Amino acid sequence: MIIFGLRSGNIKQVENSLADCAYCGTRQSVQLHFYIRYFHIFWIPFIPLYKTGVSQCNHCMQALNQKQMPPHLRSVYAASLKKAKTPIGYYSLLIIMALVFAAAIFTVFIGKNG
């Protein structure tokens with residue numbers, strides 16, 4: 001039974017199609033999808049590691065990573081990647097651990113003064 005590991009989750013999809021597909025030639029059919037890779041313990045997100053993304057044509061479904069994208073699409077990708085924020089839920093286990101630690105310190109402090 002594996003209780004820790006790496007997973008990825010979808011964080012953002014850019015709805016507006018800004019580019020033509022270089023493979024099938026369909027006009028304005030390419031969309032950007034962004035994902036976050038994170039470390040989890042008991043399937044609860046613990047530490048977000050990095051964000052990445054792909055461009056995908058809605059017609060032929062060809063997906064390209066950043067290195068494979070045409071230059072004009074790379075600039076849009078870079079700008080959109082900066083705007084893609086990591087949701088707070090991916091820090092949930094860190095937040096829980098911080099609250100438990102704060103409660104332990106508060107309990108020790110109250111016990112010494114009480």
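Predicted model: local features only at pLDDT ≥ 70, side-chain atom pairs only at ≥ 80, totals over all residues.
Residues are numbered from 1 along each chain as its sequence is written, and side-chain values use heavy atoms, with hydrogens and water left out.

**Around Phe4**
- Phe4 belongs to strand S1; strands (E, at least two residues) and helices (H or I, at least four) are DSSP runs numbered from the N terminus.
- Between Phe4 and Ile44 there are 8.9 Å in space, C-alpha to C-alpha, and the two are 40 residues apart in sequence.

**The nonpolar core**
- A nonpolar core is a set of buried Ala, Val, Leu, Ile, Met, Phe, Trp, Tyr and Cys residues joined through side-chain atoms within 4.5 Å.
- Buried means under 20% relative accessible area, exposed over 50%, and partly exposed in between (1.4 Å probe, protein chains only).
- The largest such core has 17 residues, and Ile11, Leu32, Phe34, Met69, Leu73 and Tyr77 touch the most other members.
- At least two residues of this core come from each of strand S1 (4-19), strand S2 (30-41) and helix H1 (71-83).
- S2 gives the largest share of the core, 5 residues.
- Not counting residues up to four places away in sequence, the contacts of Ile11 include Phe34, Tyr35, Ile36 and Tyr90.

**Ser29 in its loop**
- Ser29 sits in the loop between S1 and S2, and it counts as buried because its relative accessibility is 5%.
- The side chain of Ser29 reaches the backbone oxygen of Thr26 at 3.4 Å.

**Two positive phi angles**
- Most residues other than glycine have a negative phi.
- Phe42 is not a glycine, yet has a positive phi of about 55 degrees.
- Phe42 lies in the loop between S2 and strand S3 (44-57) and is partly exposed, at 48% relative accessible area.
- Met61, also not a glycine, has a positive phi near 65 degrees and is found in the loop between S3 and strand S4 (63-64).

**The salt bridge**
- Side chains of opposite charge can pair when their charged atoms come close.
- The whole structure holds 1 salt bridge, meaning a side-chain nitrogen of Lys or Arg within 4 Å of a carboxyl oxygen of Asp or Glu.
- Asp20 forms a salt bridge with Arg27, with the closest N and O atoms 3.4 Å apart.
- Asp20 is partly exposed at 36% relative accessible area, whereas Arg27 is exposed at 64%.

Key:
Contact = heavy atoms within 4.5 Å. Polar contact = N/O pair within 3.5 Å; in protein donor to acceptor, adjacent residues only side chain to side chain.
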